[in-house]
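Take a look at the sequence and the 3D structure below.

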Amino acid sequence: MNHDYEKFCTSCGASIDKRAQYCPKCGAKQVTDSNNQTKYNE
Ligand SMILES: [Zn+2]
């Protein structure tokens, strides 16, 4: 199992793309930890 590219929506708990800034399910804005949301290479 690889969860590196997934996270859970902070609102509805749906599994979504880790880089997503908004949940595609409920539209809630996703808050990332300390890191820059704009940069994600890997
Ligand atoms: Zn959601």
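C26 counts as partly exposed because 13 C-beta neighbours lie inside 10 Å. The terms work like this: a residue is buried if 20 or more other C-beta atoms lie within 10 Å of its own, exposed if 12 or fewer, and partly exposed in between, with C-beta atoms placed from the backbone. This is a predicted model, in which local features need pLDDT of at least 70, side-chain atom pairs count only at pLDDT 80 or more, and totals for chains, interfaces and linings use all residues. Residue numbers start from 1 along each chain, as its sequence is written.

C26 sits in the segment after β2. Which residues does C26 contact, leaving aside its neighbours within four places in sequence? They are C9, S11 and C12. Two residues are in contact if their C-beta atoms, placed from the backbone, lie within 7 Å. For S11 there is also a C-alpha distance to C26, 7.7 Å, across 15 residues of sequence.

K29 also has its place in the segment after β2, and that strand covers 15-17. Is K29 buried or exposed? K29 counts as exposed, because it has 11 C-beta neighbours inside 10 Å. Not counting residues up to four places away in sequence, K29 touches Q21 and Y22.

R19 lies in the segment after β2. R19 is partly exposed because 13 other C-beta atoms are within 10 Å. T32 is placed in the segment after β2 too. T32 counts as partly exposed, because it has 14 C-beta neighbours inside 10 Å.

| Pair | Separation in sequence | C-alpha to C-alpha distance |
|---|---|---|
| K29 and S11 | 18 residues | 8.5 Å |
| C26 and S11 | 15 residues | 7.7 Å |
| R19 and E6 | 13 residues | 8.2 Å |
| T32 and R19 | 13 residues | 8.9 Å |

Now the whole protein. How many helices and strands does the protein have? There are 0 helices and 2 strands. Both kinds of element are DSSP runs numbered from the N terminus: helices are H or I with at least four residues, strands are E with at least two. Of the 42 residues, 5% count as buried. Take the contacts between residues at least 6 apart in sequence: 0% of them join residues at least 24 apart.
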